[in-house]
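Open the model in your viewer and keep the selection panel at hand. This tour says what to select at each stop.

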Amino acid sequence: MNTFPPVVSVLGHVDHGKTTLLDAIRKSNIANREHGGITQKIGASSVEVSHEGGISRITFIDTPGHEAFSSMRGRGARVADIGVLVIAANDGVMPQTKESIQLLKNANIPYIVAFTKSDLPEAQIEKVKQQLLKEDVIVDSLGGEVPSIEVSAKSGHNVKELLDLILLVFEMNYAQEKEVGKVSENSPLEAVVIESKLDPKSGSRATIVIKNGTISVKDMVGAGSVKGKVRSLVTESGKMVNSATIGDAVEVLGFEGVPSVGSIVRKEGEKETGLVEAPKAVKKQASGEEKLISLILVADTQGSLEAILYSLPERVNVILSKTGDVSEADVIMAKSTGAIILTFNLKLKPDLQKFALLEKVLLKNYAIIYELLDELGDVIEGKALAGMEQLYGAARIQAVFPFEKTQVLGIKVMEGRIAKGDKIRIMRDDIVIGESSVVSLRQGKEIASKAEKNQEAGILISPFLDFSIGDVILSHS
Ligand code: GDP
């Protein structure tokens, strides 16, 4: 019997099948849940599998993988023992696949590549393996050290085999750690916060994954600067338990505040065992260097916000960081402090983008943390706003006129200006139709260099795009 369950994080590009795979894995759970499926979302779930004649357990973390993962790393916590890198066999290596590979390599944990959607006729697993070579990931079948497996969450093909592989990788990599007795129920408690929130009724709720030792009701605990006395421990099936140990994920009630994702939970008076490394200081100390750039940072979740904050270059002065939406007040604050606004995983409303444009405040959204950090790094290295897009103007297409073999777009400028030579993006509602540029611009019969707010103009674009009347043109850097 495998004494302690491995803790597993599933990473990969959006839509490559992480959620579906986790669902398929949960379905393969052989444990009969007493609560008839009243599972509650606590951010992690355990499954039991028959393995080598016995029963083994595996704990999966199902919080949005990347953000949680990087914020834990930011705090130096190792929560996952093993990573599963999900790559859709029909789609191959995509930007977030690369990001996941980087995260896994930085975390220095063993990982398995799961080629998902292998049931699709378009699946091209050999091609994906070649793409992985370019990322320095050599899978076992090509002679490398990274175990890989083809799965289909849809048909269930190889899902059980993936679980067996996880247990095998765990035994191969961690058996020694267990044998030397470093990890035991009697060791000092070390657990990592993977989710936390303030519940209006029950107060602070934090889901923790235990990496060492045991936590019990009435224990005096601390996570970073947040202290508390454990009032209750709740499992994913909503069961109250008196104690929990290595590999378990439980929700802890009783913290006096909301501990940050990635912070390490210890019992009062207990020493560090060094298994989950000590957390780094939360705030970066002023390094004496002049802060070069003021930033307002807004992200979709607390996890991603923290992940970005931890990874920011030193010379960035964060004047505001929060989750949720960007407001006009934020734009005004940015304007008055000379800050830029970068957002992560938000849907910026066109009205707000227009407002930012009007106020000449740089506002840009990213879907990939590394891109945000890279571009910010470029700015600091003095490459000015290279790579960072600035919007110069917005116009609406009002009419179309045939002209020689092409068509002239009749536009009216709504904000800013549209000029000859501008790079433009055509948008329909919030969808990008395509990128092009303005090759000539006329006002009436006159050739002009630009059209400004409330002016009409006729423009030729190249390459030609399949636009419609009513589409919006954004000119950008
Ligand atoms: P996530 O964004 O990585 O969590 O991806 P999802 O699990 O939401 O899956 C994205 C889409 O792919 C959904 O429409 C799924 O039904 C589909 N999908 C996921 N796994 C499979 C699979 O093994 N085979 C097929 N054919 N489709 C899948």
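Contact here means heavy atoms within 4.5 Å of each other. Angles between elements run from 0 to 180 degrees, taken between N-to-C directions. The model is a predicted one.

**Stop 1: a parallel sheet and its helices**

Select residues 328–337, which are helix 7. This helix lies across strand 16, strand 17 and strand 18 (340–344). Helix 7 runs at about 175 degrees to strand 17.

Four strands make an open sheet with parallel pairing, in the order 17-16-18-19. Its edges are strand 17 (316–323) and strand 19 (363–366), and each pairs on one side only. From one strand to the next, the twist averages 20 degrees.

Zoom in on strand 16 (residues 293–299) beside strand 17. Seven bridges join the two in the parallel sense.

Next, select residues 369–380, helix 9. Helix 9 lies across strand 16, strand 17, strand 18 and strand 19. Its direction is at about 160 degrees to strand 18.

**Stop 2: a mixed sheet**

Move to the six-strand open sheet, ordered 2-3-1-4-5-6. Is its pairing parallel or mixed? The pairing is mixed. Strand 2 (44–51) and strand 6 (148–150) are the edge strands, each with pairing on one side only. Neighbouring strands are turned by 30 degrees against each other on average, direction ignored.

Select residues 7–12 and 82–88 together. These are strand 1 and strand 4, which run parallel and are joined by five bridges. Within this pair, Val8 has Ile82 as its bridge partner.

Helix 1 (residues 18–27) touches strand 1, strand 2, strand 3 (54–61), strand 4 and strand 5 (111–116). Its direction makes about 145 degrees with that of strand 1. Helix 4 (residues 125–134) touches strand 4, strand 5 and strand 6. The direction of helix 4 makes about 145 degrees with that of strand 5.

**Stop 3: the ligand**

How many residues surround the ligand? There are 14, and the closest are Asp15, Lys18, Thr19, Thr20 and Asp119. By class, this shell holds three nonpolar, six polar and five charged residues.

- Asp119: an N or O atom of its side chain is 2.6 Å from a nitrogen atom of the ligand.
- His16: a polar backbone atom is 3.3 Å from an oxygen atom of the ligand.
- Lys154: a backbone N or O atom lies 3.4 Å from an oxygen atom of the ligand.

On its own, the ligand has 580 Å² of accessible area, of which the protein covers 73%.

**Stop 4: two backbone exceptions**

Most residues other than glycine have a negative phi, and most peptide bonds are trans. Two places depart from this pattern.

Stay by the ligand and select Asp15, listed among the closest residues. Asp15 sits in the loop between strand 1 and helix 1. Its phi is positive, about 70 degrees, although Asp15 is not a glycine.

Finally, jump to Ser462 and Pro463. The peptide bond from Ser462 to Pro463 is cis, with omega near -5 degrees. Pro463 is in the loop between strand 26 (456–462) and strand 27 (472–476).

Key. Residues numbered from 1 in each chain as written. Predicted model: local features only at pLDDT ≥ 70, side-chain atom pairs only at ≥ 80, totals over all residues. Heavy atoms only, no water. Pairing = 2+ DSSP bridges. Near = heavy atom within 4 Å. Polar contact = N/O pair within 3.5 Å; in protein donor to acceptor, adjacent residues only side chain to side chain. Areas by Shrake-Rupley, 256 points an atom, 1.4 Å probe, with all protein chains shown as cover. Nonpolar A, V, L, I, M, F, W, Y, C, P; charged D, E, K, R; others polar.
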